[in-house]
Amino acid sequence: MAPNIATNIRVSLDELLDFVRPRHHAILLTRRADGGPQGSPLTCGVDDSGRIVVSTYPERAKTRNAKRDPRVTLIVLSDDWNGPWVQIDGTAEVVDSPDSVEPLVEYFRNIAGEHPDWDEYRAAMVKQGKSIIRVTPERWGPVATGGFPARLAGDG
């Protein structure tokens, strides 16, 4: 059986966003007050302006951390554990309720399509006090897959 060879494919911003759009599993890394990393597994999407967006609550650590230090990293994963992934570094902007409501509508639409009752959804977002984190990609690694180094492809 041939070994699975790792891949690293450099992509443009448009290619990056095309890669991220159908993938909604990610880990957001923010910085704690002491500078240490804080990781949050979450659902993400891409908004119409090309930012990676995350629905959250104002009291969550990721939200507080991103407000204090907007430098963040997202690791976007494929549904298949062995599928491709990418690391994205960027600047976060936190938008709190009620200003977050329309961006949350866009977030929902871009991930799941139309909601059966947008008035109900909007009211729920206000009642829950939902926030949204928007990350502007500034640097990203290659889209990668795990596996053996290419130098081992000929070894059986």
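1. Let's start with the order of elements: from the N terminus on, the protein runs β-α-β-β-β-α-β-β-α-α-β-β. That makes four helices and eight strands, where helices (H or I, at least four residues) and strands (E, at least two) are DSSP runs numbered from the N terminus.

2. A word on what you are looking at. This is a predicted model, in which local features need pLDDT of at least 70 and side-chain atom pairs count only at pLDDT 80 or more, while totals for chains, interfaces and linings use all residues. Residues are numbered from 1 along each chain as its sequence is written, and side-chain values use heavy atoms, with hydrogens and water left out.

3. Now the overall picture. The C-alpha trace of the protein spans about 60 × 40 × 25 Å along its principal axes. Of the 156 residues, 41% count as buried; buried means under 20% relative accessible area, exposed means over 50%, and partly exposed is in between (1.4 Å probe, protein chains only). Among contacts with a separation of 6 or more, 72% are between residues 24 or more positions apart, with contact meaning heavy atoms within 4.5 Å.

4. UniProt, in an unreviewed entry, places the feature "domain: Pyridoxamine 5'-phosphate oxidase N-terminal" at residues 14–141. UniProt positions are given in the numbering used here, feature names are shortened, and annotations may be inferred rather than shown by experiment.

5. β2 pairs with strand β3 (residues 37–46) in the antiparallel sense over seven bridges; two strands count as paired if DSSP finds at least two bridges between them. Within this pairing, His25 stands opposite Thr43. β2 is also joined to β5 by five bridges, again antiparallel, and there Leu29 stands opposite Thr73.

6. The turn between β2 and β3 deserves a look. Their hairpin has five residues between the strands, and Gly35 there takes a positive phi near 95°. Most residues other than glycine have a negative phi, and most peptide bonds are trans.

7. Strand β6 (residues 86–95) is mostly covered, with seven of its ten residues buried. Which strands pair with β6? Strand β5 (residues 71–77) is joined to β6 by six bridges and runs antiparallel to β6, with Val72 and Gly90 as bridge partners. Strand β7 (residues 131–140) also pairs with β6 in the antiparallel sense, over eight bridges, and here Thr91 has Thr136 as its bridge partner.

8. Where is the cis peptide bond between Ser97 and Pro98? Pro98 is found in the loop between β6 and α3 (101–112). The bond from Ser97 to Pro98 has omega near 5°.

9. The largest pocket has a volume of about 190 Å³. The search used a 1 Å grid over the protein atoms alone: a pocket is an open set of points where a 1.4 Å probe fits, with protein on both sides within 12 Å along at least five of seven lines, and lining residues have an atom within 4 Å of a point. Grid points are joined across faces, edges and corners, and the volume is the space filled by probe spheres set on the points. The pocket is lined by 13 residues, of which Arg31, Arg71, Val72, Thr73 and Asp89 lie nearest its centre. By type, the lining divides into three nonpolar, five polar and five charged residues; Ala, Val, Leu, Ile, Met, Phe, Trp, Tyr, Cys and Pro count as nonpolar, Asp, Glu, Lys and Arg as charged, and the others, Gly among them, as polar.

10. Is Val143 buried or exposed? Val143, in strand β8 (residues 143–145), counts as buried because its relative accessibility is 9%. Beyond its neighbours within four places in sequence, Val143 is in contact with Thr7, Asn8, Ile9, Val11, Phe19, Pro84, Trp85 and Val86. Glu106, in helix α3, is partly exposed, with a relative accessible area of 23%. Leaving aside neighbours within four places in sequence, Glu106 is in contact with Asp47, Asp48 and Ser49.
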